[in-house]
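Subject: Structure for you to look at

Hello,

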Amino acid sequence: LASNLIKNIMSFAIVVYHTLSTRCFQALKCADFPDGKSYLAFHPSIECWTGVHWYMAAAAGIYIPVVIIGIPVIMFIVVHRMRKTGTLNEPKNLKTWGFLHARYEHPWKMWEVMLLLRRLLIALVLVSVEVSMLQAAVTKVILVA
């Protein structure tokens with residue numbers, strides 16, 4: 001039961017990772033408007049650092065280190081430890097963590113971690129770079145690198 005729960009939670013986290021990353025970064029990106037106030041760039045009806053934005057910023061401040069950074073770190077540590085101890089292919093580990101590495105050949109066991117890091121970088125680019133042509137160029141570099 002515990003192994004299925006871990007597998008399902010991590011699988012779900014991988015699926016929503018890009019969207020969650022983008023939303024967390026958007027919750028922190030404010031734009032200055034002519035009235036002298038700053039509003040959320042993705043939702044201009046919300047004034048920055050007042051009312052509901054404090055809650056959004058607090059949630060993003062928790063999600064970014066715990067989820068956005070934590071998930072790839074956990075994945076790396078788990079696969080690295082199993083690789084180091086030679087337990088990658090033990091049935092228990094395959095059942096719980098095999099979805100992260102079983103389909104990849106030995107030198108590519110960390111590929112799922114790399115894919116998440118690419119998604120993280122793309123989310124950062126989409127939120128921080130405002131020129132769409134530059135977004136496209138930087139995203140292509142991330143995908144090719």
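In helix H1, the residues Met 10, Ala 13, Ile 14, Tyr 17, Leu 20, Ser 21, Cys 24 and Phe 25 touch helix H2 at Ala 60, Tyr 63, Ile 64, Val 67, Ile 68, Ile 71, Pro 72 and Met 75; contact means heavy atoms within 4.5 Å. Sorted by class, this contact has 15 nonpolar residues, one polar and no charged. Here Ala, Val, Leu, Ile, Met, Phe, Trp, Tyr, Cys and Pro count as nonpolar, Asp, Glu, Lys and Arg as charged, and the others, Gly among them, as polar.

The model is predicted: local features need pLDDT of at least 70 and side-chain atom pairs count only at pLDDT 80 or more, while totals for chains, interfaces and linings use all residues. Residues are numbered from 1 along each chain as its sequence is written, and side-chain values use heavy atoms, with hydrogens and water left out.

Helices (H or I, at least four residues) and strands (E, at least two) are DSSP runs, numbered from the N terminus. H1 covers residues 2-26 and H2 residues 52-85; their axes come within 10 Å and cross at roughly 140 degrees. Axes are lines fitted to C-alpha atoms, for helices over the stretch in contact, and angles run from 0 to 180 degrees between N-to-C directions. H1 and H2 are therefore oblique to each other (under 35 degrees is roughly parallel, over 145 roughly antiparallel, 65 to 115 roughly perpendicular, and the rest oblique).

H2 also packs against helix H4 (residues 111-128), at an angle of about 165 degrees and with the axes 9 Å apart. This pair is therefore roughly antiparallel. From H2, the contact uses Ile 68, Ile 71, Pro 72, Met 75 and Phe 76; from H4, it uses Glu 112, Val 113, Leu 116, Leu 117 and Leu 120. Nine of these residues are nonpolar, none is polar and one is charged.

How many salt bridges does a search of the whole structure find? It finds two, a salt bridge being a side-chain nitrogen of Lys or Arg within 4 Å of a carboxyl oxygen of Asp or Glu. Lys 29 pairs with Glu 130 at 3.2 Å, N to O. These two are 101 residues apart, with Lys 29 in the loop between H1 and strand S1 (30-32) and Glu 130 in the loop between H4 and helix H5 (132-144). Arg 103 pairs with Glu 112 at 2.8 Å, N to O. Arg 103 is exposed, at 60% relative accessible area, whereas Glu 112 is buried, at 7% (buried is under 20%, exposed over 50%, partly exposed in between, with a 1.4 Å probe and protein chains only).

Regards
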